[in-house]
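Reader: I would like a close look at the helices of this protein. Please show me how they are packed and what surrounds them.

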Amino acid sequence: MNFDAIVVAGGRGRRLGGTDKPLLHHGGATLLDHALRATAAAHRIAVVGPTELNPVISRYAAEADAGQIITLTREYPAFAGPAAAVAAGMRALGDGAAGDVPQPGGHAPLTLILAADLISPGPVATAIVEYAVEHAADGRDPAPRTVADTAVEPEAQTMPLAEFGRAWVPVDDQGRLQPLSCVIETPALLRAIEAAEKPGEGLANSSMMRLLAKVQIVRVSLDGVDYADVDTWEDADKAGIARPTAPGRET
Ligand SMILES: Nc1nc2c(ncn2[C@@H]2O[C@H](COP(=O)(O)OP(=O)(O)OP(=O)(O)O)[C@@H](O)[C@H]2O)c(=O)[nH]1
Ligand SMILES: [Mg+2]
């Protein structure tokens, strides 16, 4: 499918005592493996995180489709937050093109943004990409309607038209937006980054919602999707994830 993916995977993992969450093991693979498999249909993938993720990425790349390009990059300064990480991922995907005219050569028309600490990223990534691909051609998002024969149903409410284009953002059953598993029109993301970056500091410590401030957020309810992530050891225990023997490093 014609989309790129940015996997944000370089948080501090403070609540887990500094553990590299993407390297935690679940169901026979790391959380990063699961996130990468969830983006398997992407044209290109930028993982934004530390070099410790390299072995997992190399392993994935060895088995990926020959045409898929995957790169590892990092925001500057490190740990500048998910919005800065997304900007770094876009730069890597566009070969330094952030701030250029929208959709410079190389970018796919849609970009999936995905966290690397989700326990089950496959279903959410597949469903939100399908939904976005189906609606991307519509011009502005249509009046809410039920999508027959899919597990996906648009939320009744979308925000008013915004300047930059659309992002399809899942909403969990408590009504919380999940911007770290969303799909956005690539030109809209490029413009949003350009507009939100501050001179000298870029997007450091900025939130995803600030980055998306001028983007039309289309709220999407996805049936049968679990947004559970691993933020605490309690979350990890619940999911059957063991503590690594050497924190922060793959075991
Ligand atoms: N590259 C990068 N990724 C980030 C950053 N902050 C968060 N992420 C990623 O975004 C996703 C969701 O972040 P959180 O659940 O808050 O993870 P975290 O920041 O590592 O965890 P805490 O330090 O406990 O808040 C995870 O996949 C993180 O790896 C960052 O500063 N840089
Ligand atoms: Mg989290």
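Author: In this predicted model, 45% of the 251 residues count as buried. The protein has seven helices and 10 strands. Residues 24 or more positions apart account for 73% of the contacts with a separation of 6 or more.

Take helix α2 to begin with. The helix covers residues 54-63, and its buried residues are V56, I57 and Y60. Seen down the axis of α2, these buried residues fall within an arc of 95 degrees, so they line one face of the helix. The face turned away from that buried side carries S58 and A62, which are exposed. What does the buried side pack against? The partners are β3 (29-30), α1 (31-38), β4 (44-48) and β5 (69-73).

Two packed helices are described by the angle between their axes and the distance between the axes. From α1 come H34, A35, R37 and A38; from α4 come P121, G122 and A125. By class, this contact has four nonpolar residues, two polar and one charged.

Next, helix α5, residues 186-196. Its buried residues are T186, A188, L189, L190, A192 and I193. Their cover includes the helices α3 (82-93) and α6 (208-211). Strands β6 (110-115), β8 (166-170) and β9 (181-185) also belong to that cover.

Now the loops that join some of these elements. P77 sits in the loop between β5 and α3. A cis peptide bond joins Y76 to P77, with omega about -5 degrees. F79 lies in the loop between β5 and α3 as well. F79 is not a glycine, yet its phi is positive, about 65 degrees. Is F79 buried, exposed or partly exposed? With 15 other C-beta atoms within 10 Å, F79 is partly exposed.

The loop between α5 and α6 holds N205. N205 is not a glycine either, and its phi is positive at about 60 degrees. N205 has 13 other C-beta atoms within 10 Å and is partly exposed.

Methods:
Residues numbered from 1 in each chain as written. Chains lettered and ligands numbered in written order. Predicted model: local features only at pLDDT ≥ 70, side-chain atom pairs only at ≥ 80, totals over all residues. Buried ≥ 20, exposed ≤ 12 C-beta atoms within 10 Å, placed from the backbone. Helix = DSSP H or I, 4+ residues; strand = E, 2+ residues; numbered from the N terminus. Arc of directions from axis to C-beta. Contact = placed C-beta atoms within 7 Å. Nonpolar A, V, L, I, M, F, W, Y, C, P; charged D, E, K, R; others polar.
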